[in-house]
Amino acid sequence: MYISHVYGESVTEFSEGQRVALRPSCDAWMRGDRFGAVESVGRTRVYVRMDRSQKLRPIHPSNLAHMAAGAL
């Protein structure tokens, strides 16, 4: 598995369907929700459907890492 560890700075960097990983400092990461797919992009938050829990979580872009294509 390869994650680029390039964390976002703006919501404009993310697009629907893109795979992302949470930053380890997030509570959701500690609860097992580590990876997901972008479902929608708001003004200040990126809405991510998490793989493990299937929850839709609003996450600030600075807490999301871009994943390389085909990583998971």
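The structure holds 3 salt bridges, a salt bridge being a side-chain nitrogen of Lys or Arg within 4 Å of a carboxyl oxygen of Asp or Glu. This is a predicted model, in which local features need pLDDT of at least 70 and side-chain atom pairs count only at pLDDT 80 or more, while totals for chains, interfaces and linings use all residues. Residues are numbered from 1 along each chain as its sequence is written, and side-chain values use heavy atoms, with hydrogens and water left out.

**The chain as a whole**

- The chain has 1 helix and 6 strands, where helices (H or I, at least four residues) and strands (E, at least two) are DSSP runs numbered from the N terminus.
- Along the sequence, these elements follow the pattern β-β-α-β-β-β-β.
- Of the 72 residues in the chain, 35% are buried; buried means under 20% relative accessible area, exposed means over 50%, and partly exposed lies in between (1.4 Å probe, protein chains only).
- The chain has an accessible surface of about 4,400 Å², and carbon and sulfur atoms account for 49% of this surface. Accessible areas come from the Shrake-Rupley method with a 1.4 Å probe, and for residues only the protein chains shown count as cover.
- Among contacts between residues at least 6 apart in sequence, 47% join residues at least 24 apart; contact means heavy atoms within 4.5 Å.

**Salt bridge of Arg19 and Asp51**

- The side chains of Arg19 and Asp51 form a salt bridge with an N to O distance of 2.7 Å.
- This pair links distant parts of the chain, since Arg19 is in strand β2 (residues 19-22) and Asp51 is in the loop between β4 and β5, 32 residues apart.
- Arg19 has 24% relative accessibility and so counts as partly exposed.
- Asp51 is also partly exposed, because its relative accessible area is 36%.

**Salt bridge of Asp33 and Arg57**

- Asp33 and Arg57 meet through their side chains in a salt bridge of 3.2 Å, N to O.
- Asp33 lies in the loop between α1 and β3 and Arg57 lies in strand β5, so the pair ties together parts that are 24 residues apart in sequence.
- Both Asp33 and Arg57 are buried.

**Salt bridge of Glu39 and Arg49**

- A salt bridge of 3.1 Å, N to O, joins the side chains of Glu39 and Arg49.
- It links distant parts of the chain, with Glu39 in strand β3 and Arg49 in strand β4, 10 residues apart.
- Glu39 has 36% relative accessibility and so counts as partly exposed.
- Arg49 is partly exposed because its relative accessible area is 29%.

- The side chain of Asp33 makes a polar contact of 2.7 Å with the side chain of Ser53. A polar contact is a pair of N or O atoms within 3.5 Å; within protein, one must be able to donate a hydrogen and the other to accept it, and residues adjacent in sequence count only if both atoms are side-chain atoms.
- A polar contact of 3.2 Å also joins the side chains of Asp33 and Arg57.
- Leaving aside neighbours within four places in sequence, the residues in contact with Asp33 are Leu22, Ala28, Met50, Arg52, Ser53 and Arg57.

- Not counting residues up to four places away in sequence, Arg57 touches Ala28, Asp33, Val46, Tyr47, Val48 and Met50.

- Strands β4 and β5 run antiparallel and are joined by 4 bridges; two strands pair if DSSP finds at least two bridges between them.
- Opposite Tyr47 stands Pro58 in β5.
- The hairpin has 5 residues between its strands, and Gln54 takes a positive phi near 65 degrees there.
- Gln54 is not a glycine, yet its phi is positive.
- Gln54 lies in the loop between β4 (46-50) and β5 (56-59).
- With 48% relative accessibility, Gln54 counts as partly exposed.
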